[in-house]
Amino acid sequence: MNIVIVGGGELGSAVAGELIREDHDVTVIEKSDKKAKFLNDSLDALVIAGSGTDIRILRHANVEKADLFLALSNDDNVNIVSCGLVKKLSSATTIAKVENVNHYFPGPPNTPADFGIDRIVASKQLTINKIVDLIAEPDTIEHIHFLKENVRIFGIVVGEDFSGKDKKLKEITQEDAIWNKIRVIAIKKGNTVHIPGGEDRLQSGDKLYIIGKSDTLHKLISLYFASHVKVRKVIINGGNRIGRELARQQEKNGKRVTIIEEDERECERLTEELDNVLIIKGSGTNPGVLSELDMEDAFVVCVTPDDEHNIISAVLAKKHKAFKAVCNISNIAISSIINQVKEIDSVFSTESLAVGEIMKYCRKGDVLSVTPVPYIDAETVKIKISQEIPILGKTLNEIEFPKGMIVGALYRDEQVIIPHGEDRLLLGDVAIIFVLPGSKRLIETIFA
Amino acid sequence: MNWKAIFKIQGILLIIIAASMCLPLAFSLYYRSGDGMAFVKSIAITLGAGLLLALVLRPVKDLRTREGFIIVSLGWLFAALFGSLPFLFSGVFGTNFVDCFFETMSGFTTTGATVLQNIEAAPRGLLFWRSLTHWLGGMGIILLAIIILPTLGLSSTQLFRAEVPGPAKEKVSPKIKNTALILWGIYLGLTIAETLLLMLGGLDLYTALCHTFGTLATGGFSTLNASIAGFHSLYVEMVILVFMFLAGTSFILHFSLIKGRFSEILHNREWRFYSLLIFTSILIATLSIYFSRTEDNFWTALRYAAFQVVSITTTTGYVTANFELWPAFVRILLIFLMFAGGCSGSTGGGMKQIRLMIGMKFIGKEIKKATYPNAKFTLKLGSEKVSDDMLKNVIAFILLFVMIFALGTLFLTFRGYDIVTAFSASVATLSNIGPGLSRVGAVENYAFFDNISKVVLSFFMLLGRLELYSVLILFYYLLHPRKIY
């Protein structure tokens, strides 16, 4: 595909890199000369220095021939306007990153389509949704759902008190049949991730990624992994857009919400906008401020724009006996390092969530969507099997899957199947396939 | 340094070289010229070394900027080393490896300076290989490798920058691989066109191909002792003149031409400058030759002057007249044109027209600044602003070019050669032209130089082709291995 991207920031360059890896032709329009030069040296893409709202620059980028136009700059206005300009020039599908959706499109008669936008990606809203999921399932560290939330992937940590500790997966399954209805698709021990077999032992500190029907998974968690702590308190570090919206949402859900914000003016604004939310002026990295708060059993969310601040305040919160501490990181490259810090229960990044969301629209053929599983760098790929391919009709045992690939779930006749070795792939199935980084390219060879 | 990746790419390059040696082998067998075994041996050695490097090494990391420069300059050294094997095995230079190396380097860098004293006596397969090295080096062997590299999972973004000439590297397609494909495609198309046109002029396929390679790569190797003058054909001269002019033009512009974007060509400042420079130089040279009574007929004067000006400006170095006999003024004019060279993104050498333009505009700006101390000026080419980074880069390049030229002259006079020979050989190799003045003049060759001078001049050709920095970076790291972090 021919893809034009406006904005070469964290998000734009990450998306461009991902698209180039998939062999698309990418053109990036970047406002800053310096950044454009850097991108030109690091990406196998055409990089044009200029404004995304300049029609000559857009023509130079050959938008007339583009199949997909992504407006991913940090400025909502630029993104909306450039989509409008492009829609007049070409038939490309346009995707705009718009953070303040309600501001621009509060509802009819103003729709994104009037501005030439086919789809909107609100990256901050994605982050908020992610945090809401994590608070709703406090015993999980990762939470991905498919097929109208019927199928989920949960990431969980094996605790000291796990009843099946140090047992083989095979033995645990024999003891309780519920393990047969779900599938453990990955285990992260230390820094290595692999797809487990029956002989693998579960040890405390391991991170498990399991797929299954939502109700089964919830049952499993309440049986084995529940900490039986009810989250009543949510403490949010950073009163920016994400923090504010999250606070509003959680307060409605009946949680007691506290926001810690350093900036005097921001604090004032927060007090005006939010009711029933405690606003503390100060820094989340200041132990004095933290000891003032009652952190015990609180769910701490760190979403300031400063990565270092988030990391330190999350670790400090855990020292003050917080129940869970999660943080937002904008530097995607360091997120895997932070993932090793055991005080931090979950790390996510607004950028990589947005990358995943955008990449969903950049698939071709039978791939319906791809959802990244961050921090183990894996992906779940949803594929519709619509052609006669060699593996059809074979049982999963017979198919020689590469080491890092596993079929997690099948969707057939509106039924979800968590497949076992004896199940077969049939025409018309929708398969959810989990792949580790080394095997990503192999999907095409097996399913095409 | 990611040595594994660096040498794996060298391996791939050697495989390409070995494959291209099959073509002269075919001609050698066809003409029974007796150099077939030399090619079989060379192919075996080159292919063996290439396969060894390409298959054994399994790099894990991606390339970084500095490795790009190292790969490119090392690649050209490797190409010249292995490319000189056929010369060595066929024994045209006896056992003097330096001569073989000089001839091959002169071929790959599209210089066209030869140490062969009697060209017509050399076996035909070998002469074809000599011209083919021009063709491979003209568009760039690395650029050819870039087409294959992505399929092997190696990134090539870093390589493009180091090989393609000119200060601003434009891409015609988002992907480097496709850009390389398009550029090589245009090159191939022009090659076919010129070969056919030359064959229409009565040349056989072999001779037509050899001269097409020499023209489009702006090289200058001929299969005749008298170069193009040996054809005694106005038609052949005209065809070669036109294609030399095209080869000295940016290939990005050729792409615009194919796409039908004529206005882009007319608005391209560099192209306009290049055409104007050639046109006025032809006019001045013709008049000077005519009025100094060197040629009695105005049209003959125009014919020789036009060919020589284009040949020198595009850094080809083909000869139709012994310009050694022309007035001193015209000879020095030609030397000046040697410095200018072709357009950026062309196969021509020299400093490149665009650098000359930017340099002159910069001087103009400095003069204006001196008269209006408080005024602000922006350096522009047409409507495009020349960034400060680029300006500094260009000025440093011109300075470095002149410095290296001066050092070369100094070195050659130190070895005992006369001044005119020394400075013209220095610029003729650095700008990848070939013929110079005096003892390296139009009808002379480089055979009389001693071995050390030949090695230095080969090095000059490489410096010129890769535009100084890549080679200097390689040698810097070779001389200061402790500076590799």
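**Figure 1. Strand E11 and its antiparallel partners in chain A.** A:Gly155 stands opposite A:Tyr209 in E11 of chain A, a position within the antiparallel pairing of strand E8 (residues 151-157) and E11 of chain A, which extends over seven bridges. Two strands are taken to pair if DSSP finds at least two bridges between them, and helices (H or I, at least four residues) and strands (E, at least two) are DSSP runs numbered from the N terminus. Strand E9 (residues 183-189) of chain A also runs antiparallel to E11(A), joined to it by five bridges, and there A:Val184 has A:Ile210 of E11(A) as its bridge partner. Five of the seven residues of strand E11 (residues 207-213) of chain A are buried, so this strand is largely enclosed by the rest of the structure. A residue is buried if 20 or more other C-beta atoms lie within 10 Å of its own, exposed if 12 or fewer, and partly exposed in between, with C-beta atoms placed from the backbone. The model is predicted, so that local features need pLDDT of at least 70 and side-chain atom pairs count only at pLDDT 80 or more, whereas totals for chains, interfaces and linings use all residues. Residues are numbered from 1 along each chain as its sequence is written, while chains are lettered from A and ligands numbered from 1 in the order in which they are written.

**Figure 2. The open parallel sheet E3-E2-E1-E4-E5-E6 of chain A.** Six strands of chain A form this open sheet, in the order E3-E2-E1-E4-E5-E6, with parallel pairing. Strand E3 (46-49) and strand E6 (119-121) of chain A stand at the edges with a single partner strand each, so one side of each is left without a neighbour in the sheet. From one strand to the next the twist averages 15°, where axes are lines fitted to C-alpha atoms, for helices over the stretch in contact, and angles run from 0 to 180 degrees between N-to-C directions. Within the sheet, strand E4 (residues 68-71) and strand E5 (residues 93-97) of chain A run parallel and are joined by four bridges, with A:Thr93 in E5(A) as the bridge partner of A:Leu68. Helix H1 (residues 10-21) of chain A packs on the sheet, touching strand E1 (2-6), E2, E4 and E5 of chain A, and its direction makes about 165° with that of E2(A). Helix H14 (residues 350-359) of chain A also packs on the sheet, where it touches E4, E5 and E6 of chain A and makes about 165° with the direction of E6(A). Contact between two residues requires that their C-beta atoms, placed from the backbone, lie within 7 Å.

**Figure 3. The open parallel sheet E14-E13-E12-E15-E16-E17 of chain A.** This open sheet of chain A consists of six strands in the order E14-E13-E12-E15-E16-E17, and the pairing is parallel. Its edge strands are E14 (277-281) and E17 (346-348) of chain A, each of which pairs on one side only. Neighbouring strands of the sheet are turned by 15° against each other on average, direction ignored. Strand E12 (residues 233-237) and strand E13 (residues 256-261) of chain A pair in the parallel sense over five bridges, and A:Arg256 in E13(A) is the bridge partner of A:Lys233. Helix H10 (residues 264-273) of chain A packs on the sheet by touching E13 and E14 of chain A, its direction making about 170° with that of E14(A). Helix H12 (residues 307-319) of chain A lies across E12, strand E15 (298-302) and strand E16 (324-328) of chain A, and runs at about 180° to E16(A).

**Figure 4. Two loop residues of chain A with positive phi.** Most residues other than glycine have a negative phi. A:Asn62, found in the loop between helix H3 (55-60) and E4 of chain A, has a positive phi, near 65°, and counts as partly exposed because it has 18 C-beta neighbours inside 10 Å. A:Asp297, in the loop between helix H11 (287-292) and E15 of chain A, likewise has a positive phi near 65°, and its 15 C-beta neighbours inside 10 Å place A:Asp297 in the partly exposed class.

**Figure 5. The side of chain A that touches chain B.** Nine residues of chain A are in contact with nine residues of chain B. Strand E2 (25-30) and helix H2 (33-42) of chain A each supply at least two residues of the side of chain A that touches chain B.
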